[in-house]
Amino acid sequence: MPRKLDTVLSEALIEQKLITKEELERFLKEAESLDLTLQQVLMKHNRLKEKDILRILAERLGIAYLDLRELSVDKTVIDKVPVKIASYYKFLPVQIKDRVMTIAVSYPLDVRTQDEIRTQLGYDIEIALSCQDDISEALKRYYGLAADTLEKIVSSASQVMETPLETTRQKVEDIERLAEDASVIKLVNQIILDAYRKRATDIHIEPYRQGLSIRYRIDGLLYESPVPAEIRNFLSAIISRIKIMSNLNIVERRLPQDGSAVVKVQDQMLDLRISTIPTPYGESVVIRILPTKMLFSLEKLGLSKRDLQIFEELIQRPHGIIFVTGPTGSGKTTTLYACLSRINTKDRKIITIEDPIEYDLPGVTQIQVMPEIGLDFARGLRSILRHDPDIIMVGEVRDLETAEIAIRVALTGHLVFSTLHTNDAPSGITRLIDIGLEPYLVSSSVEAFIAQRLIRLICLDCRYEDTSAPIELKEMIAKDLGLKSIDAVKISRGKGCPSCNFTGFFGRTAIYEILLLDGAIRDLILKKTPSGQIKRLALSRGMHTLRQDGWQKVIAGLTTPEEVMRVTSAEESVLESKYSIFQMPSFWEPQQTSPLSEQDRRSYLRLNTKINMKYKIFKSVQDLTQQGFQPEQLSVTKNISAAGLLFISDEPIALASVLELNIELPDGKEPIQCLARVVRIEEINNRYDVGVCFLDITAADKARLNKYVESTS
């Protein structure tokens, strides 16, 4: 049969001029010498793809070719065929019609095999051709992951079923023996292999009352993996096997445990980080998958050309500290590793202290934090200094002690990298001062704060331009980027295809916000200026926000607007250095009907009262950096709320002007300082009533104002 098919395929290839006679003869000789089929040899040399070969054979043999990735099979058809038969003969039942079952196979079956299947199932058989990988994926999709392996376990060890954890010692020993069974080992290996092939970074094994869930985190989001219901009966065996791999205590099920293991998958070594926690229905396990060898490159981080140049300049500085900020899972460690890889040379001593060490960096001394024995970041950092380092990486600054040591190390001639958990780059300044650092230490040692987020990339195989995108969305993007027209705003999306598991996304990249500390920024830090004002100054000097960087990637066709909005805060789209895009309504005018004014009227009371205040027109960036908060004009309010106020001015003030306010509430506390925008001005008896909306008032000051108004009304 195989040689007959080789003949059929050979004739078709020559007839369709897909291969020369010389190539064909060479491939046929190789197939005969290696005992392979012509199809296998053609695929081995990447001469033709499997689906192209099967289409040719299907046409020649007069049978159908099916693309299982685009085909939905009815569950009643699947139920007619036991998984052990489908997996043994490597076929997928597709449909049943008039006692004839159509099955998809990757190679035309001989008559004897067809007879065996016919006898097993009791149906006449009709053959259709499909790719082998598609059949394997379809078997997982319809029968569940490792269904055939579970079938073997059930048949060979049906007496070992899930029972309450408080059982006899004999039960524990049975579970341990089952964990070493070849079928259970294969089952766990299949779960890890399936996750790796789907590009998962984490495997979640979660027991519930109704069953067991296995989920993969792919490109930052969790996806359910179909598993047979019977897998719930072997939770203890699966977890025991995972514990054995990672040298954990397989008897202890009441306490959380953490371990690690190294496995080999398709010539790739994987570092597994395993964590278990007890739940009412059994232990829950998360496996983090990390390649032991990973190429860290600044060029592949998603940096724009301009940001890449900034990075290159920063990491070559002789001393100072560079903070990368962002929430857990935003790629901070990967960015730091890429920086260290770039500057890792024979003439530099680099030491890191991490929790945990995620990747091995050749030529770099890496220290694992161990709080249980007293080795924390602060103690490790002190010891590092005795090892004559040039460059130090501190995994995270969590407390004042670690922050002070890291800062002072940077001041004594070392280049230090570390991370913080903040929402944007300027908030890193506030976080360090809140921890307890003196502003002069932050100002004199920090070189830059770099905020980042991860966004999913549109799948290149199914990307298309969305011409039906709302015009309002394009206008918002153009507005945030300062574009004169929306013509340059092109929005792309992914339709969803087999390559991306029908998600429309494949892979991730990062968006960045880089705050460089120059003289003006350092002066503001010394004056403890709020981070909002520092951000505005930085924007006026060319810094772009996370959202703006995301919009640039949207225009480049790399991601979708929804991805950018998912990981960045909405207010970033209205923070511009020139303030031209603030559209604040006058909240005290009854005729106003905008959503914001309605909200303000509902949320905050307005009090007609006289309160001493000072104001100063914000005229330029230089004015702010040179003088800070030094209001020049005295005034008094007519009314006030937590959203804005109305005050008296002796001179007209242009609409949309930005003011610095100093409001002296009669509550015995420090004056409230904030920025405000002029939204209304009216001349009355040669004086002017000026209405303003607050721009960057803190939540604490807003609550203080609201409390004062409510208690006085």
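## Helices and strands

The chain holds 26 helices and 26 strands, where helices (H or I, at least four residues) and strands (E, at least two) are DSSP runs numbered from the N terminus. This is a predicted model, in which local features need pLDDT of at least 70, side-chain atom pairs count only at pLDDT 80 or more, and totals for chains, interfaces and linings use all residues. Residues are numbered from 1 along each chain as its sequence is written, and side-chain values use heavy atoms, with hydrogens and water left out.

## The chain as a whole

Of the 713 residues, 51% are buried, meaning under 20% relative accessible area, while exposed means over 50% and partly exposed lies in between (1.4 Å probe, protein chains only). The chain exposes about 34,700 Å², and carbon and sulfur atoms supply 50% of that area; accessible areas come from the Shrake-Rupley method with a 1.4 Å probe, and for residues only the protein chains shown count as cover.

Among contacts (heavy atoms within 4.5 Å) with a separation of 6 or more, 64% link residues 24 or more positions apart.

## One side of α15

Helix α15 spans residues 377–384, and its buried residues are F377, A378, G380, L381 and I384. They lie on the same side of α15 because they cover an arc of only 165° around the axis, the arc being that of the directions from the helix axis to the C-beta atoms. Their packing partners are the strands β12 (350–354), β13 (365–368) and β14 (391–394), together with helix α16 (400–411).

The loop between β12 and β13 contains P356. A cis peptide bond joins D355 to this proline, with omega at about -5°.

## Where α19 meets α22

Two packed helices are described by the angle between their axes and the distance between the axes. For α19 (residues 471–481) and α22 (residues 546–555), the axes come within 10 Å and cross at roughly 125°. Axes here are lines fitted to C-alpha atoms, for helices over the stretch in contact, and angles run from 0 to 180 degrees between N-to-C directions.

The two helices are therefore oblique to each other, as angles under 35 degrees count as roughly parallel, over 145 as roughly antiparallel, 65 to 115 as roughly perpendicular and the rest as oblique. On the α19 side, M476, I477, D480 and L481 meet R547, Q548, W551, Q552, V554 and I555 of α22.

## Positive phi in two loops

D35, in the loop between α2 (21–33) and α3 (38–44), is not a glycine, yet its phi is positive at about 55°. D35 is exposed, with a relative accessible area of 65%.

N686 sits in the loop between β25 (672–684) and β26 (687–694). This non-glycine residue has a positive phi near 65°, and N686 counts as exposed at 65% relative accessibility.
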